[in-house]
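Reader: I'd like to go through a model with you and learn how you read sheets and chain contacts. Can we take it one feature at a time?

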Amino acid sequence: MSKKPSKGGAPALDMTPMVDLAFLLVTFFMLTASFRMAEPVVVDPPSSIGQVDLPDNHILVTIDNDGRAFFGISNSTAKMNALRDMSAKYKVPFTEEQIVKFSGLPSFGVDIKDLPAYIDAKEEARKNFKGQRGVPLDTITPNNQLKDWIAIGGRKAVEMYEEAKIKAADAGGEFKAEKPRYAIKCDAKTKYIYVKDVIKTFTDLKLYQFNLITSLEGGGTVIDPTK
Amino acid sequence: MAEIADSGGGGHKGGKKRAKKQSTRIDMTPMVDLAFLLLTFFVLTATFSKPKSMELTFPAPPDNPKDQPALKNGITFLLSKDDRIFYYEGEFRPADDEKGLKTTLSELSFSQDGNASLHKYLLKKSKVMQDQIRALDVKHKNKQLEDTTFKRMVREVKANPASYTYLIKTDDKATYKNVIDVIDELNVNVVGKYVMVDILKPEMDLVTEKVTN
């Protein structure tokens with residue numbers, strides 16, 4: 001296509017390809033974006049050479065500097081089901097609305113008795129919630145709520161996984177989801193004894209495999225024969 | 001600024017001249033602005049890197065606490081406050097006996113260089129195994145070994161009873177970071193086996209003595 005040079009004035013620039021590209025990228029980022037709610041605590045994990053991605057389907061226990069434990073499940077349906085069971089077990093009633101709202105929250109660190117109030121609180125108020133002392137995890141007294149959360153949450157997450165697997169098999173599609181994994185995220189400065197309590201809670205439930213979340217360390221040559 | 005190029009849009013073969021066409025030019029500037037604004041927003045808020053993690057398996061406690069298998073070739077790391085790390089080799093001996101002298105602790109550091117560097121210490125200890133694994137790795141890369149054979153051979157090398165077992169113990173002031181650092185260092189140096197164990201009272205006393213001095 002030949003074009004006569006326009007006489008005078010600003011040269012006309014065909015921006016169509018650029019705009020196409022811009023919109024393509026916008027669409028891409030919009031579709032891949034996943035919005036996360038702010039975590040109740042900021043935790044700065046230590047760096048390591050660990051290269052395993054955190055599995056999408058996980059049950060996460062976060063431990064902050066003061067040893068408070070926060071609990072979260074990535075699968076929102078499993079989270080709702082877990083809350084229903086916990087509510088029955090601890091005799092703390094939740095409304096259906098609260099359960100749905102709870103499924104959208106990130107990890108929480110309150111006693112189940114304070115959970116209804118925590119769920120109803122506004123997002124800004126949640127950060128400074130008074131009862132936010134971590135999920136109780138006394139390994140000696142029977143008040144180890146974290147243990148119940150992990151046990152029930154884990155069971156529900158596996159149920160969801162199995163359900164998805166059956167559904168995929170019925171549809172004849174390829175099944176890609178992974179089994180839920182247990183992850184521990186912990187601040188670098190946390191005293192190890194706090195982590196030990198959480199790990200003790202896990203091992204009491206006969207769960208021995210975890211992913212410890214770390215930030216990526218640059219460099220370092222590793223021969224990794226385990227892979 | 002932005003203009004849609006007015007393409008010829010078919011010829012004017014008909015010959016008959018039509019009424020002057022209305023300009024199809026649209027000012028695209030606001031749209032482009034918006035597109036880029038959105039683009040910038042999504043790029044900046046996108047979380048590309050998923051958090052990385054380190055897989056760790058803890059030992060199941062034996063059914064009978066007295067069933068603890070005897071530890072051969074053990075090296076014990078004791079972690080304490082202020083990033084201090086101590087170690088001793090072999091079994092713990094609270095006092096001199098016929099098998100050997102009383103256990104004393106030596107100190108290591110987390111830095112990469114220096115005489116008492118944990119990294120160098122591990123390098124020295126696992127040299128033989130590392131050389132074996134490296135040799136296998138080279139063979140594997142040169143396609144002389146199948147994937148499965150390679151994995152099996154590496155496992156065999158690691159399971160060599162002559163290799164060390166590393167125990168990691170912490171006192172109540174050690175930080176999580178130190179624990180991860182030690183595990184990391186053990187991973188980097190491809191040691192055979194390592195395990196997290198609870199600290200014993202006499203070990204704790206030794207550490208406290210060292211730290212307070």
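Predicted model: local features only at pLDDT ≥ 70, side-chain atom pairs only at ≥ 80, totals over all residues.

Reader: Let's begin with chain A. How many helices and strands does chain A have?

Author: Start by listing the elements, then read their order. Chain A has seven helices and seven strands, and along the sequence they run β-α-β-β-β-β-α-α-α-α-α-β-α-β. As for burial, 33% of its 227 residues count as buried. Among its contacts with a separation of 6 or more, 69% link residues 24 or more positions apart.

Reader: Now a sheet. In what order do the strands of the open sheet in chain B lie?

Author: For a sheet, get the strand order, then the sense of each pairing. In chain B, five strands form an open sheet in the order 5-4-3-6-7, with mixed pairing. Strand 5 (106-108) and strand 7 (193-196) are at the edges with a single partner strand each, so one side of each has no neighbour in the sheet. On average, neighbouring strands are turned by 30° against each other, ignoring direction.

Reader: Which strand pairs are parallel and which antiparallel?

Author: Go pair by pair. Strand 4 (residues 84-89) of chain B pairs with strand 5 in the antiparallel sense over three bridges; B:Phe86, for instance, has B:Glu107 as its bridge partner.

Reader: Why is strand 6 of chain B described as largely enclosed?

Author: Count its buried residues. In strand 6 (residues 165-170) of chain B, five of the six residues are buried, so the rest of the structure largely encloses it.

Reader: And the contact between the chains: how many residues does each one put in?

Author: Count both sides, then ask which elements contribute. Chain B gives 43 residues and chain A gives 45. On the chain B side, strand 1 (2-3), helix 1 (29-45), strand 2 (52-57), helix 3 (127-141) and helix 5 (176-188) each supply at least two residues. That side of chain B comprises 26 nonpolar, six polar and eleven charged residues.

Reader: Which strands pair across the two chains?

Author: Look for bridges whose partners sit in separate chains. Strand 7 (residues 209-216) of chain A pairs with strand 2 of chain B, antiparallel over six bridges. One of the bridge pairs is A:Thr214 with B:Lys52.

Conventions: Residues numbered from 1 in each chain as written. Chains lettered and ligands numbered in written order. Contact = placed C-beta atoms within 7 Å. Helix = DSSP H or I, 4+ residues; strand = E, 2+ residues; numbered from the N terminus. Nonpolar A, V, L, I, M, F, W, Y, C, P; charged D, E, K, R; others polar. Pairing = 2+ DSSP bridges. Axes fitted to C-alpha atoms, helices over the stretch in contact; angles between N-to-C directions. Buried ≥ 20, exposed ≤ 12 C-beta atoms within 10 Å, placed from the backbone.
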